Amino acid sequence: MKKKIIIANWKMNHDFHKTTSFLRNFLKIVLEKKINHNKEIIIAPSFPFLHISNQILQGTNLKIAAQNIHQMKNGSYTGEVSASMLKSIGISQVILGHSERRKFFLENNDILLKKIKIALKYGLHIILCVGETGFERNQNQQFNVIKNQLVETVFNCSADDIIFFHIAYEPVWAIGTGKNATYKQAQTMHEYIRSLFLNKYGKNISNEISILYGGSISNLNARNFFLQKDIDGGLVGNCSLELDKFLEIIQS
Ligand code: PGA
């Protein structure tokens with residue numbers, strides 16, 4: 001059985017104190033109740049706290065992810081963080097292509113592909129987000145949009161590189177809105193994404209690739225998403241900020 005993957009995307013939330021106390025409390029409960037068994041749990045705090053977060057979780061199977069990297073190796077890019085910097089503090093995971101990065105920081109598929117290439121160069125595992133806007137869904141363009149996002153990014157990578165990817169399907173209209181996709185809408189899209197991997201890379205890879213749903217996942221609806229055939233886990237924003245809710249989601 002494939003491991004379910006639960007990722008907490010904290011975005012620009014939680015200061016040093018909140019981050020470290022959450023992780024210490026979380027770790028205590030996880031170890032007591034062994035809820036990390038057969039699951040991959042990844043937490044993505046803000047850049048300044050990645051190092052300490054990684055140290056807190058050291059020696060466990062819990063992982064820390066960055067929420068972004070710059071596409072260049074190094075250089076005069078004030079305010080940016082590189083893949084090699086993450087690597088140097090032991091970070092092995094990065095979220096790329098989140099719709100908030102696409103929208104507010106104008107990240108397009110070209111930039112994203114560069115980020116993917118540099119992440120792979122430094123051996124980082126990538127949580128690649130794709131998703132259509134509400135407008136695109138209303139125009140019935142969701143399948144074209146997702147296909148295009150994959151074709152212009154991850155599908156430029158070799159089959160050997162695909163083990164470094166998780167795909168997160170996050171309909172933009174469902175992120176932070178409390179308006180999640182229906183289980184059926186999500187399952188249909190996940191099945192479609194898997195079929196694209198089947199066409200491009202064959203059966204083994206399409207079976208192995210983990211496709212996560214994200215967009216207003218809560219402690220109340222997580223279980224039903226995770227029961228869908230092609231949903232291998234979740235990328236959780238708001239509800240990952242509260243320890244109790246996040247624990248409930250993991251236990252779903
Ligand atoms: P949300 O965010 O759970 O708050 O909708 C999900 C995400 O942006 O990854």
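This is a predicted model: local features need pLDDT of at least 70, side-chain atom pairs count only at pLDDT 80 or more; totals for chains, interfaces and linings use all residues.
Colleague: Which residues of α8 are buried?

Modeller: A residue is buried under 20% relative accessible area, exposed over 50% and partly exposed in between, with a 1.4 Å probe and protein chains only. An α-helix has 3.6 residues a turn, so residues three or four places apart point the same way. In α8 the buried residues are Ala186, Gln187, Met189, His190, Ile193, Arg194, Leu196, Phe197 and Tyr201.

Colleague: What phi does the glycine just after α8 take?

Modeller: The residue concerned is glycine 202, which lies just after α8. Its phi is positive, at about 95°.

Colleague: Where does histidine 14, with its positive phi, lie?

Modeller: Most residues other than glycine have a negative phi, and most peptide bonds are trans. Histidine 14 has a positive phi of about 75° although it is not a glycine. With a relative accessibility of 16%, histidine 14 counts as buried. Its place is the loop between β1 (4-9) and α1 (16-33).

Colleague: Is asparagine 38 buried or partly exposed?

Modeller: Asparagine 38 is found in the loop between α1 and β2 (39-44). Its phi is also positive, near 60°, in a residue other than glycine. The relative accessible area of asparagine 38 is 40%, which makes it partly exposed.

Colleague: Which elements do the buried residues of α5 pack against?

Modeller: The 13 residues of α5 (residues 109-121) should span 18 Å, and the end C-alpha atoms are 18 Å apart, which agrees. Its buried residues are Asn109, Leu112, Leu113, Lys115, Ile116, Ile118, Ala119 and Leu120. With contact taken as heavy atoms within 4.5 Å, these buried residues pack against α3 (83-88), β4 (93-96), α4 (99-104), β5 (125-130), α7 (142-151) and β6.

Colleague: What does histidine 166 contact, leaving aside its neighbours within four places in sequence?

Modeller: Histidine 166 belongs to strand β6 (residues 165-169). A relative accessible area of 13% makes histidine 166 buried. Apart from neighbours within four places in sequence, its contacts are Ile5, Glu40, Ile126, Ile127, Leu128 and Ser210.

Colleague: What C-alpha distance separates phenylalanine 22 and leucine 241?

Modeller: Phenylalanine 22 lies in helix α1 and is buried, at 7% relative accessible area. Leaving aside neighbours within four places in sequence, phenylalanine 22 is in contact with Trp10, His14, Ser240, Leu241, Glu242, Leu243 and Phe246. Phenylalanine 22 and leucine 241 are 219 residues apart in sequence, while their C-alpha distance is 8.8 Å.

Colleague: Which residues does threonine 133 touch, not counting those up to four places away in sequence?

Modeller: Threonine 133 is in the loop between β5 and α6 (134-138), and its relative accessible area of 29% makes it partly exposed. Its C-alpha atom is 8.9 Å from that of alanine 174, 41 residues apart along the chain. Not counting residues up to four places away in sequence, threonine 133 touches Val172 and Trp173.

Colleague: How far apart in space are glutamate 248 and asparagine 219, C-alpha to C-alpha?

Modeller: Glutamate 248 lies in helix α11 (residues 243-251) and is partly exposed, at 41% relative accessible area. Glutamate 248 and asparagine 219 are 29 residues apart in sequence, and their C-alpha atoms are separated by 5.5 Å.

Colleague: What is the radius of gyration of the protein chain?

Modeller: The protein chain has 11 helices and 8 strands. The globule rule, 2.2 Å times the number of residues to the power 0.38, is compared with a radius of gyration taken over C-alpha atoms. For 252 residues the rule gives 18 Å, and the chain is as compact as a globular protein of that length because its radius of gyration is close to this, at 17 Å.

Technical notes: Residues are numbered from 1 along each chain as its sequence is written. Side-chain values use heavy atoms; hydrogens and water are left out. Helices (H or I, at least four residues) and strands (E, at least two) are DSSP runs, numbered from the N terminus. The expected span of a helix is 1.5 Å times one less than its number of residues.
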